[in-house]
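Student: I would like to know how the labels in a structure are decided. Could we go through some of them?

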Amino acid sequence: MTSSLVTPLKNSRVGAAVAAALCALALTSCGTEAAGGGTSAGAGARPGAAQIAAPAPVATPTPTPTPTPTAPVGDPADDPRLTPEQQAAEFRMLELAVDLAAPCVVDGPPPLPPEVAPGEPDGTPPAYGEKPPAGLPSERPSGPPLAEEEPPSEKPWDFERARQETELGDVEKCVAPLHGKRIAKALDGTADPDPASVEKVLHGLGYDVDYRLHGPQEVNGKVEFTLDLRFMGGELCLTGRYDGTRTSFDPYGASTEVRCTDVKRRA
């Protein structure tokens, strides 16, 4: 009877020991991988504690460089793809530019003297049979014909040449501050210094043609924008900067072969 009681007792002790050993093995394997696995718990790490991997570094995207134009841009108003809405906006902005330029337009250059014909000093042709005045050839010079001048060879379009700042004419020098004062009156101290607020004011003033308004955008704590005011062969570009209180302006000339923002400003 005694042996029958001892056997189950032994078996229960063995089973408990086996269970304890398996549990210890399982806990140990949480800290250390099997041979050849690689990583193990660091010094002082609690057996069985989960290890959190460090986040992978985030790569900073490299900005894509703007490609260099290989052909003239041309006047955007001549683009046949303009929609009727864009054409109407272009016409309204042209009317605005003409109205502002009216005080700057002079009466025009003095009239040219009447064209003088080679026959007489006062322009009247010589009478029939009379010889031309002395000093003028009566007939073509003798000798071999002169060689015709060859037309100058066309040079390939050069972006660096086209983007050089040009000199503004007198009218454009006069009208540039008129645009500036008009914009400053609507912006200064009233609009918030953020691109959306500045754009809303500019659109309300009639500068709402998308290809003639570059920006607005925030640059060094100010809102910067550039207006393309090159109408009817003009070359006026106008950059403005608004700091929430005051607007400053910088007019300059640009060929219509490039965008206003492409111009290489003079030092």
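Tutor: Start with Phe159, which touches Thr68, Pro69, Val258 and Asp262, leaving aside residues up to four places away in sequence. The model is predicted, so local features need pLDDT of at least 70 and side-chain atom pairs count only at pLDDT 80 or more, while totals for chains, interfaces and linings use all residues. Residues are numbered from 1 along each chain as its sequence is written, and side-chain values use heavy atoms, with hydrogens and water left out.

Student: What makes something a contact?

Tutor: Contact means heavy atoms within 4.5 Å. For Phe159 and Val258, 99 residues apart along the chain, the C-alpha atoms are separated by 7.9 Å. Contact is judged on heavy atoms, and Val258 is among the residues that Phe159 touches.

Student: Why is Phe159 called buried?

Tutor: Its relative accessible area is 12%. Buried means under 20%, exposed over 50%, and partly exposed in between (1.4 Å probe, protein chains only). The value of 12% is under 20%, so Phe159 is buried.

Student: Which helix holds Phe159?

Tutor: Phe159 is in helix α3, residues 159–162. Helices are DSSP runs of H or I with at least four residues, strands are runs of E with at least two, and both are numbered from the N terminus.

Student: Why is the pair of Trp157 and Phe159 called tilted?

Tutor: Rings of Phe, Tyr and Trp (its six-membered ring) pair if their centres lie within 6.5 Å; planes under 30 degrees apart are stacked, over 60 edge-to-face, and the rest tilted. By this rule there are 2 aromatic pairs. In the pair of Trp157 and Phe159, the centres are 6.2 Å apart and the planes are at 50 degrees. Trp157 itself is partly exposed, at 22% relative accessibility.

Student: What makes the pair of Phe225 and Phe249 edge-to-face?

Tutor: The centres of Phe225 and Phe249 are 6.4 Å apart, with 75 degrees between the planes. The angle is over 60, so the label is edge-to-face. This pair links distant parts of the chain, with Phe225 in strand β2 (residues 222–228) and Phe249 in strand β4 (residues 247–253), 24 residues apart.

Student: Are Phe225 and Phe249 buried or partly exposed?

Tutor: Phe225 is buried at 1%, whereas Phe249 is partly exposed at 25%.

Student: How do you know that Asp228 and Arg212 form a salt bridge?

Tutor: A salt bridge is a side-chain nitrogen of Lys or Arg within 4 Å of a carboxyl oxygen of Asp or Glu. The closest N and O atoms of Asp228 and Arg212 are 3.5 Å apart, so the pair meets the rule. Asp228 lies in strand β2 and Arg212 in the loop between α5 (195–204) and β1 (213–219), 16 residues apart. Asp228 is buried at 3%, and Arg212 is buried at 1%.

Student: How many salt bridges does the rule give?

Tutor: The count comes to 14 salt bridges. Another one joins Arg241 and Glu224 at 3.2 Å, N to O. Arg241 is in strand β3 (residues 236–242) and Glu224 in strand β2, 17 residues apart. Salt bridges that share partners join Asp75, Glu90, Arg212, Asp228 and Arg230 into one network.
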